[in-house]
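User: I have a chain open and want to go through it with you. Can we start with the terms?

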Amino acid sequence: MQFRVFWKLLASNIILQVLFVLAFLWSFQAGTGKPGVFRASLAVCLIGTIVASWLIANWVTRPSNLLSTMARRLSAGNYEPGIYLGRNDEFGQLATSLNAVRQVLAAKNTELNRLASVLAAMTDGVIALDE
């Protein structure tokens, strides 16, 4: 389960590079004697590789951005509903863990607020003893 995202990225980059090389070789073979065909196919291969790389990078960075947003909300004391990524990789596990932390923090904060209101409403003095 560990490093699943890393291996997906590595495999997708290797696939993109192989496709780029194959397209480049195909365009070289198809464009013999025609430099315009060669340049056009090279440009299409480069643009395709750039677009595919951008899509893969977006696929990887979106969950990390959502998780960092949730962590900032938790640190600010906002315990609103968490996030669900629908993934079984490291990001999905981290989202599940952050949701569990969110639930525990919300319960502790509710209990703390209840105890603070009880103490604020007391008219008699309270002494805390250390056991």
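Analyst: Contact here means heavy atoms within 4.5 Å. This is a predicted model, where local features need pLDDT of at least 70, side-chain atom pairs count only at pLDDT 80 or more, and totals for chains, interfaces and linings use all residues. Residues are numbered from 1 along each chain as its sequence is written, and side-chain values use heavy atoms, with hydrogens and water left out.

User: Then which residues is N99 in contact with, leaving aside its neighbours within four places in sequence?

Analyst: N99 is in contact with M70, G82 and I83, leaving aside its neighbours within four places in sequence.

User: And where is the place of N99?

Analyst: N99 sits in helix 3, residues 90-121. Helices (H or I, at least four residues) and strands (E, at least two) are DSSP runs, numbered from the N terminus.

User: Is N99 buried or exposed?

Analyst: N99 counts as buried because its relative accessibility is 15%. The cut-offs are under 20% relative accessible area for buried, over 50% for exposed, and partly exposed in between, with a 1.4 Å probe and protein chains only.

User: What does the side chain of N99 reach?

Analyst: The backbone oxygen of I83, at 2.6 Å. That is a polar contact, a pair of N or O atoms within 3.5 Å; within protein, one must be able to donate a hydrogen and the other to accept it, and residues adjacent in sequence count only if both atoms are side-chain atoms.

User: Which residues of helix 3 are buried?

Analyst: F91, G92, A95, L98, N99 and R102 are buried in helix 3.

User: What about the start of helix 3?

Analyst: There, a side-chain oxygen of D89 reaches to within 3.3 Å of the backbone nitrogen of F91. D89 itself is in the loop between helix 2 (35-75) and helix 3. D89 counts as buried because its relative accessibility is 1%.

User: How far apart are the end C-alpha atoms of helix 3?

Analyst: They are 46 Å apart, which agrees with the 46 Å that its 32 residues should span at 1.5 Å a residue. The expected span of a helix is 1.5 Å times one less than its number of residues.

User: How many salt bridges does the count come to?

Analyst: One salt bridge, where the term stands for a side-chain nitrogen of Lys or Arg within 4 Å of a carboxyl oxygen of Asp or Glu. The side chains of E111 and R114 meet in it, at 2.8 Å, N to O. Both E111 and R114 lie in helix 3, three residues apart, about one turn of the helix. An α-helix has 3.6 residues a turn, so residues three or four places apart point the same way.

User: Switching to helix 2. What does L66 touch?

Analyst: L66 lies in helix 2 and touches I83 and L85, not counting residues up to four places away in sequence. L66 counts as partly exposed because its relative accessibility is 31%. L66 and F91 are 25 residues apart in sequence, with their C-alpha atoms 9.8 Å apart in space.

User: Now the whole protein chain. How many helices and strands are there?

Analyst: Three helices and zero strands, running α-α-α from the N terminus on. Of the 131 residues of the protein chain, 18% count as buried. Among contacts with a separation of 6 or more, residues 24 or more positions apart account for 58%.
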